[in-house]
Amino acid sequence: MLLVFTKKRTTTCFLYLGEHSLPFEKRTYKFTSLGDLTKHFKRKHLAYIKEGDRL
Ligand SMILES: [Zn+2]
């Protein structure tokens, strides 16, 4: 079980992994490619960060 997290190049969203209020299957959701993960990240997280907090 723990080996899942030591795989090189995982395509799970690490921000979701740390989000313990989310359902397990969502937290461990695997994107089909790194491009997909990047898109998700920009849409879900970067947009959100921009709204609430300036970097
Ligand atoms: Zn995410």
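## Zinc site

Donors are N, O and S atoms within 2.8 Å of the metal (3.2 Å for Na, K and Ca), and because water is not among the atoms, sites may look incomplete. On this basis, the donors of the zinc ion are spaced along the chain as C-x26-H-x4-H. The coordinating atoms are SG of Cys-13 and NE2 of both His-40 and His-45, at 1.9 to 2.1 Å.

His-40 counts as buried because its relative accessibility is 7%; buried means under 20% relative accessible area, exposed over 50% and partly exposed in between (1.4 Å probe, protein chains only). His-45 also counts as buried, at 11%.

## Basis of the model

This is a predicted model, in which local features need pLDDT of at least 70 and side-chain atom pairs count only at pLDDT 80 or more, whereas totals for chains, interfaces and linings use all residues. Residues are numbered from 1 along each chain as its sequence is written, and side-chain values use heavy atoms, with hydrogens and water left out.

## Aromatic pairs

Two aromatic pairs are found in a search of the whole structure. One of them is formed by Tyr-29 and Phe-31, whose ring centres lie 5.0 Å apart with planes at 85°, so the pair is edge-to-face. Rings of Phe, Tyr and Trp (its six-membered ring) pair if their centres lie within 6.5 Å; planes under 30 degrees apart count as stacked, over 60 as edge-to-face and the rest as tilted.

Tyr-29 is partly exposed, at 47% relative accessibility, while Phe-31 is buried, at 12%.

## Surroundings of Thr-12

Thr-12 is buried, with a relative accessible area of 13%. Leaving aside neighbours within four places in sequence, Thr-12 has contacts (heavy atoms within 4.5 Å) with Leu-17, Thr-28, Tyr-29, Lys-30 and Leu-37.
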